Amino acid sequence: LVQTHPAKQFVFKRFIPKEHWDKFFFCPKFYEWTNTIIPNKFTDLRQDHPRVVIPFYDRAGKFFAFQGRAFGKEQPKYITIKFDETKEKIYGLDRLDLNKPVMITEGPIDSLFLDNAIALAGADAVVNIQHTQCTMIFDNEPRNKDICKLMDKAIENHFAICVWPEMMQEKDINDMILSGFTSDEIVDIIDKNTFVNLRAKMEFIQWKKV
């Protein structure tokens, strides 16, 4: 694509690290293309439009799902398609090192700014990794009932979770990068604000009031 193409500008403007640019693709007609993988997934093509495509691969590197990200004002902003129902909707498994701590974000793009991170593109995804090895990092939206529900569930399941400090006003990791934080600074903030069990519950309750 030419440098000025909206899909390419989407990747540039979000400051996505250059080593991850090859993980993004462009699809001029997202619904039509999806129908070539899952016949009749979209029966009405009148609202078809271009999207940035983010492929999902399993641990063996097999393509099993993809996310279409609007770079205009189209809704919904994200459309995630899974065509192998035996797989959990988790992004980044092909890059995961199980010998290191694992960070788990909500969105695929956020995960690209952290070392050894995966993303739960579906709230119902089951993470089959040792809980003591994982840190759950949810978006910084205290008034979002869905996020609060997910955080509460993660605490009940004994995951360590990051509870963003009050000084952080940005909604997610990518927004933090755009506002001037470096990846190392964000990791340091995460490390200092990660809690488990009762302490996590207490910090979460306080965060919800912010």
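**Close-up views of a predicted model**

View 1. N193 counts as buried because its relative accessible area is 16%, where buried means under 20%, exposed over 50% and partly exposed in between (1.4 Å probe, protein chains only). This is a predicted model, in which local features need pLDDT of at least 70, side-chain atom pairs count only at pLDDT 80 or more, and totals for chains, interfaces and linings use all residues. Residues are numbered from 1 along each chain as its sequence is written, and side-chain values use heavy atoms, with hydrogens and water left out. Look for N193 in the loop that links α6 (183-192) to β10 (194-195); helices (H or I, at least four residues) and strands (E, at least two) are DSSP runs, numbered from the N terminus. Not counting residues up to four places away in sequence, N193 touches I161, C162, V163 and P165, a contact being heavy atoms within 4.5 Å.

**View 2. Helices α4 and α7 pack roughly antiparallel.** Here α4 (residues 145-156) and α7 (residues 197-209) have axes that come within 9 Å and cross at roughly 165°. The axes are lines fitted to C-alpha atoms, for helices over the stretch in contact, and angles run from 0 to 180 degrees between N-to-C directions. That crossing makes α4 roughly antiparallel to α7 (under 35 degrees is roughly parallel, over 145 roughly antiparallel, 65 to 115 roughly perpendicular and the rest oblique). On the α4 side you will find I147, C148, M151, D152, I155 and E156, which meet N197, A200, K201, F204, W207 and K208 of α7. By class, this contact has 7 nonpolar, 1 polar and 4 charged residues; Ala, Val, Leu, Ile, Met, Phe, Trp, Tyr, Cys and Pro count as nonpolar, Asp, Glu, Lys and Arg as charged, and the others, Gly among them, as polar.

**View 3. C148 is a cysteine without a disulfide partner.** The structure holds 0 disulfides, a disulfide being a pair of cysteine sulfur atoms within 2.5 Å. For C148, the nearest cysteine sulfur belongs to C162 and is 14 Å away. C148 is buried, at 11% relative accessible area, and C27 is buried too, at 6% relative accessibility.

**View 4. R95 sits in a loop between two strands.** The strands on either side of the R95 loop are β5 (90-91) and β6 (102-105). With 29% relative accessibility, R95 counts as partly exposed. Beyond its neighbours within four places in sequence, R95 is in contact with H20, K23, S111, L112, N116 and A117. Y57 lies 38 residues from R95 along the chain, and their C-alpha atoms are separated by 9.0 Å.
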